[in-house]
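Thanks for making the time; I would like to walk through one model with you this morning. Please have the sequence and the coordinates open while I talk.

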Amino acid sequence: MSQHTVAIIGTGPDPATPTVEGFAMGYRHAEAYRANDQCQLVGCVDLIEEHAVAFADEFDLPDEAVFTDTASMLDTLEPEIVSVTVPPSAHEAVVTECGAHECVQAIHCEKPIADTWLGAQRLVQACWRTGTQLTFNRQRRFAKPFTEAKALLDAKAIGTLERIEIGWGDFFDTGAHTVDLAGMFVGECPAEWVIAQLDYQAEDVRFGTHQENQMWAQWRYDSGVHGMLATGEASHLVDATMVLRGTDGTIAIDSSDGATLELTQNGETSSIDVDGESIHHTPADSELYGSRLHSRAIDEMLTALETGTESNLSGRIGLNTAEILFAGYESVRRRERIDLPLSIADHPLESLVESGEITPTPAQD
């Protein structure tokens with residue numbers, strides 16, 4: 001069995017105290033690589049040297065494996081795989097740099113893809129041009145509440161899927177998971193149009209990007225399936241975390257108490273066993289870092305690399321989600337439905353805040 005050398009770019013601060021400024025996702029990726037005998041962790045990068053040193057201590061890396069800039073690390077260690085766990089605003093620059101280096105065969109990056117629509121497209125294209133495998137850590141695809149729901153859909157348990165409803169999280173950050181899952185349920189079909197509105201009164205900046213307080217969005221896929229999302233105070237309008245409505249029944253995934261998966265057919269509701277897994281974790285998860293779902297994502301990425309097939313986490317597939325997210329914000333800016341493909345360059349919510357059209361009250365220190 002081949003062994004791939006791996007480096008983490010963006011170790012982050014103390015993983016025991018994650019915040020919306022730094023969630024230490026590098027530790028979660030590294031833990032997944034450590035659990036896979038195909039991988040050898042050989043180095044790390046962080047702009048703050050003490051963060052990189054602390055990470056190296058945790059994963060038994062020597063002093064010469066610690067770097068504060070990506071270029072030096074790539075030239076010195078020549079890793080075959082890199083995990084990019086820096087904030088979204090830095091994704092394009094870091095991913096493009098790694099993709100251009102001859103040694104790098106695969107890049108596994110955190111989500112959201114980028115902080116602008118143009119940046120998302122450019123970094124995916126940059127890796128396509130160099131033939132570098134690019135995947136994004138949409139690890140919730142591998143949680144049993146969702147994999148079992150997909151199996152039920154594929155078996156036509158609820159007939160033909162008509163609508164996906166989401167009442168969970170937010171639009172940009174959590175939406176990079178929820179809208180991605182909706183894409184998985186519709187077979188990675190792109191969307192035709194998006195319409196949305198939001199409320200942003202109290203400042204909420206996560207990983208360097210503004211995040212609204214409440215969002216409503218609707219979109220239609222090319223297949224005819226509709227997506228709908230309600231967050232913040234309106235999230236209770238959806239009957240569960242995610243609801244899949246078909247011609248012959250519904251599938252409801254809820255996270256109010258661990259996780260439940262329920263199938264309703266002919267007025268009768270039955271529970272589906274998900275082996276104690278939630279939408280976030282598995283019963284065997286580490287107490288210190290993250291979820292076995294990260295390991296499943298890494299395993300899937302490695303399988304794609306070894307077989308030369310496209311990963312379900314690929315950048316190409318990820319652009320379907322990113323387009324819906326940025327189009328939702330563009331709908332807010334233009335106050336109309338946005339027909340796709342999307343032709344903007346920026347992040348509309350960021351631009352609305354910068355221009356003063358939306359003025360959230362600054363957060364208190």
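Let me begin with the open sheet, in which nine strands follow the order E16-E15-E14-E13-E7-E12-E11-E8-E17 with mixed pairing; strands here are DSSP runs of E with at least two residues, helices are runs of H or I with at least four, both numbered from the N terminus, and two strands pair if DSSP finds at least two bridges between them. At the edges are E16 (268-271) and E17 (338-339), each of which pairs on one side only.

This is a predicted model, in which local features need pLDDT of at least 70 and side-chain atom pairs count only at pLDDT 80 or more, while totals for chains, interfaces and linings use all residues. Residues are numbered from 1 along each chain as its sequence is written, and side-chain values use heavy atoms, with hydrogens and water left out.

Within the sheet, E13 (residues 242-246) and E14 (residues 249-254) are joined in the antiparallel sense over five bridges, and Met-242 stands opposite Ile-253 of E14. Helix H7 (residues 175-185) packs on the sheet, touching E7, E11, E12, E13 and E14, where contact means heavy atoms within 4.5 Å.

Turning to the whole protein chain, we have ten helices and 17 strands. Its radius of gyration, taken over C-alpha atoms, is 20 Å, close to the 21 Å from the globule rule (2.2 Å times the number of residues to the power 0.38) for 365 residues, so the chain is as compact as a globular protein of that length. Finally, 57% of the 365 residues count as buried, meaning under 20% relative accessible area with a 1.4 Å probe, protein chains only.

Methods. Axes are lines fitted to C-alpha atoms, for helices over the stretch in contact, and angles run from 0 to 180 degrees between N-to-C directions. Buried means under 20% relative accessible area, exposed over 50%, partly exposed in between (1.4 Å probe, protein chains only).
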